Amino acid sequence: MTTPPRVRDRIDSFPTHNIGGYGVRPGRVAPLGATLVPNGVNFAVFSSRATSVSVVLFKIGEPEPIAELAIPADFRIGRVWAITVFGLEYEEIEYGFRVTGPPDEHFKDRFDSNVILTDPYAKVLGGREVWGALPDYDNRYQHRARLAFDDFDWENDRPLRITPNDLVIYETHVRGFTRHPSSGVGNPGTYAGLIEKIPYLSQLGVNCVELLPVFEFDEFGNSRLVEETGERLLNYWGYNTVGFFAPKAGYAATGRFGMQGDEFKHMVKSLHAAGIEIMLDVVFNHTAEGNELGPTISFRGLDNSTYYMLTPEGYYYNFSGTGNTFNSNNPVVREFIVQCLRYWASEYHIDGFRFDLAAIMDRDEHGVPLANPPLIEALANDPVLRDCKLIAEAWDAGGLYQVGSFPNYHRWSEWNGRYRDTVRRFLKGDEGVVGDLATRIAGSPDLYQQRGARASINFVTCHDGFSLMDLFSYDGKHNDANGENNNDGANDNNSWNGGVEGPTDDPGVNRLRQQQVKNALLLLLTSRGIPMVLSGDEVGRTQRGNNNVYCQDNELAWFDWSLTDTDAELVEFTRNAIALRRAHTVLCAMHHPNSIDPTDCGHPEISWHGVRAWQPDWSPTNRVLGVMWCGHHIENGSPDYVYVVANAHWEEHELELPVPDDGWGWHLAADTAGEAPGVYPPGTERPLADPHTYRISPRSVIVMVARPVAG
Amino acid sequence: MKFSKRLIDDVAVVVLSGALDSQSALDVQDRIAELLPQHEHVVIDFSKVSCVSSASLRTMVLIYRQAQALGHTVAVVGLSAEVHNVLDATGFLDFFVLSDSVSDGVADMRALVEGRRERDHATART
């Protein structure tokens with residue numbers, strides 16, 4: 001073993017000044033935030049109008065600071081205040097900033113030197129270490145920045161880079177996934193708990209988990225007690241970020257030890273080891289500071305008019321519906337967002353991001369939509385984020401709806417809200433939906449012609465709205481438990497209860513509901529585009545008609561694992577349906593299919609049918625659609641035929657089947673009204689008694705695959 | 001924080017007792033870093049450690065990292081349920097040999113040595 005060469009100490013690893021008993025020196029202006037440097041910690045703070053900035057140091061958890069170091073004005077370069085402080089016990093401290101504004105304060109400023117501001121770049125935050133533990137509001141520093149080591153041992157882990165063709169997304173909530181007593185995990189409701197359920201995810205066949213917000217947020221933000229029950233409602237979903245660089249401590253079994261970063265990384269590493277990607281739902285459209293009545297936590301006290309979109313009167317534009325709007329196309333804010341995502345992609349090995357109310361990120365500082373929003377372009381072309389999936393929720397609460405028109409730079413995908421609405425309307429039995437359903441099944445070429453079907457994240461349900469079982473059990477929302485007189489949550493659900501509102505003993509209605517759930521899952525998993533399944537839908541989870549459980553940290557929102565036994569049939573159905581998708585390249589391909597027959601094999605890649613083969617019926621009253629997929633046209637495609645027929649009619653129909661090819665015969669792969677579970681595992685499809693016809697049941701979906709016929 | 005070291009069959013056994021706060025964790029780290037290069041196998045007994053801070057958990061990981069760089073093995077004994085849980089949740093537990101008692105730790109280390117010897121023999125034979 002050779003002796004390593006001796007490294008000379010750096011000159012800048014020694015102080016030049018003394019402030020308040022601490023050795024300090026002029027700091028480095030980049031990176032912003034707190035950075036460990038030899039012998040010390042570098043603090044860099046941006047504020048375009050501050051007249052003084054202090055670093056306030058605390059012992060962990062203590063209400064009173066141990067020191068407050070005013071950064072000398074000549075340590076400032078441009079508008080960045082930077083100081084390196086030596087001799088800090090950096091595992092033992094928390095830090096914040098005190099920022100003073102100019103005496104001639106502009107009416108758009110909101111400096112408050114009474115408040116200790118948290119560092120927007122903080123990588124670990126204390127103050128909410130244990131989920132739901134009532135905060136000590138006497139402590140004036142609530143969200144307490146700490147220093148992070150970021151020295152996790154990743155071994156050989158790398159982001160997985162699963163192609164869109166192979167991706168099946170599973171949207172879930174860290175806490176809700178294992179918090180239910182039935183989960184049986186060692187640390188319920190945590191990152192560690194999720195790790196214990198990876199075998200379940202693998203078995204189901206999904207290969208990407210998309211987590212509801214995991215950046216540090218305050219579950220007590222807007223928390224309130226329900227008058228009738230005395231129950232405390234918390235912000236369970238977490239769409240109110242406090243710390244964009246910090247993982248939610250209350251989701252970590254180790255949050256009390258400040259080890260949430262390590263636990264989170266262990267979760268990512270474990271998911272990757274199982275071949276499962278991780279995607280984060282990120283919320284850059286607003287922050288937890290709310291409107292002018294909200295708490296001052298960080299941005300507002302640092303540089304209000306840089307970080308927020310303000311009205312001419314200095315109030316907050318509210319395109320997010322939550323009080324304020326992050327000014328994401330401002331160059332400083334844009335840089336903040338880019339740095340944040342780079343950090344998560346590189347330090348946490350995150351595979352992709354779903355941007356909440358992403359349409360807001362198209363708006364300029366006055367809220368006007370931009371044709372070429374610099375943030376969206378920067379993210380699309382960022383070198384570090386190159387392999388990350390970028391998915392836009394392409395609308396906002398200010399009325400900007402951009403599904404199909406989100407500025408995408410050939411890079412961004414979208415939550416396809418059109419897909420959701422059309423599939424729902426079709427299954428509920430609406431008239432005149434068959435034509436649009438065909439377009440959705442084909443990967444929405446009307447919306448994503450240039451980008452291909454990879455731009456279309458197909459889903460029928462997501463966290464926001466009814467669960468799949470509730471979609472077919474309730475005509476209207478039942479959000480009384482939210483304490484807002486049922487005024488919250490969406491009204492346009494395109495739901496149908498099957499004849500009875502809510503739970504019923506009627507076996508016919510219950511059978512129909514179960515079948516409708518299967519119909520939705522089967523259509524989703526046989527459509528072009530990237531499918532997203534909402535966690536719990538595979539077990540028929542109910543929220544008792546509540547379509548907005550953002551504040552319900554209880555059994556209404558949690559995943560009830562006992563359903564994996566009672567509704568094992570549905571789990572098996574989902575597993576088999578995912579396997580069916582994977583078994584057919586023609587279903588997973590991401591180009592938009594052609595209705596011509598370029599290879600002269602006798603069939604186009606996609607063809608449409610009705611009750612009669614080759615005779616699709618686009619008339620408004622028709623509710624039967626057949627789609628035949630032919631795999632000849634896929635690159636390296638072997639002959640492969642898949643025939644999907646959806647019948648939203650309340651009557652059965654005698655289907656005339658198209659002939660796949662000479663010497664090939666149809667085998668039944670799925671029938672949602674047939675023998676349980678409703679989908680056969682690939683390779684066990686059943687030959688048809690009559691190769692030319694099939695009787696499709698009312699409100700059901702069938703799938704056939706072609707196999708060579710003996711003789 | 002008390003720190004004692006003895007040798008059992010070429011295995012260094014370190015017994016820690018007292019509170020493991022960030023300062024004492026640094027001392028422990030230094031002392032173990034000192035003895036690690038000389039001992040291929042080290043057993044650390046935590047059963048007399050009273051309180052544990054996050055700093056001390058990091059210390060354990062650092063010890064592991066140093067042992068790994070040297071190709072040496074560390075067994076830990078007497079972890080409290082809490083520490084066990086924290087190390088488990090963060091994945092650090094996988095890095096250590098976990099033993100029920102000091103004598104088990106020594107035995108586990110010897111078994112490792114035996115295992116390695118047998119593998120070496122097997123390689124030599126082929």
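In this predicted model, nine residues of chain B are in contact with 14 residues of chain A. On chain B, helices α2 (54–70) and α3 (81–89) each supply at least two residues of the side that touches chain A. Sorted by class, that side of chain B holds four nonpolar residues, five polar ones and no charged residues.

Chain B also contains a sheet. Five strands form this open sheet in the order β1-β2-β3-β4-β5, and their pairing is mixed. Strands β1 (2–8) and β5 (97–99) of chain B stand at the edges with a single partner strand each, so one side of each has no neighbour in the sheet. From one strand to the next, the twist averages 25°. As background, strands of a sheet pair through backbone hydrogen bonds, in either a parallel or an antiparallel sense. Here, β4 (residues 73–77) of chain B and β5(B) pair in the parallel sense over three bridges, and B:A75 has B:V97 of β5(B) as its bridge partner. Helix α1 (residues 22–35) of chain B lies across β1 and β2 (11–20) of chain B, and runs at about 175° to β2(B).

The axes of α8 (residues 417–428) and α9 (residues 434–441) of chain A come within 9 Å and cross at roughly 135°, which makes α8(A) oblique to α9(A). The contact is made by A:R418, A:Y419, A:T422, A:V423 and A:F426 of α8(A), together with A:D436, A:L437 and A:R440 of α9(A). By class, this contact of α8(A) with α9(A) has four nonpolar residues, one polar and three charged. The crossing of α8(A) past α9(A) is left-handed.

Methods: Residues numbered from 1 in each chain as written. Chains lettered and ligands numbered in written order. Predicted model: local features only at pLDDT ≥ 70, side-chain atom pairs only at ≥ 80, totals over all residues. Contact = placed C-beta atoms within 7 Å. Helix = DSSP H or I, 4+ residues; strand = E, 2+ residues; numbered from the N terminus. Nonpolar A, V, L, I, M, F, W, Y, C, P; charged D, E, K, R; others polar. Axes fitted to C-alpha atoms, helices over the stretch in contact; angles between N-to-C directions. Parallel < 35°, antiparallel > 145°, perpendicular 65-115°, else oblique. Left-handed = near helix turned anticlockwise from the far one by under 90°. Pairing = 2+ DSSP bridges.
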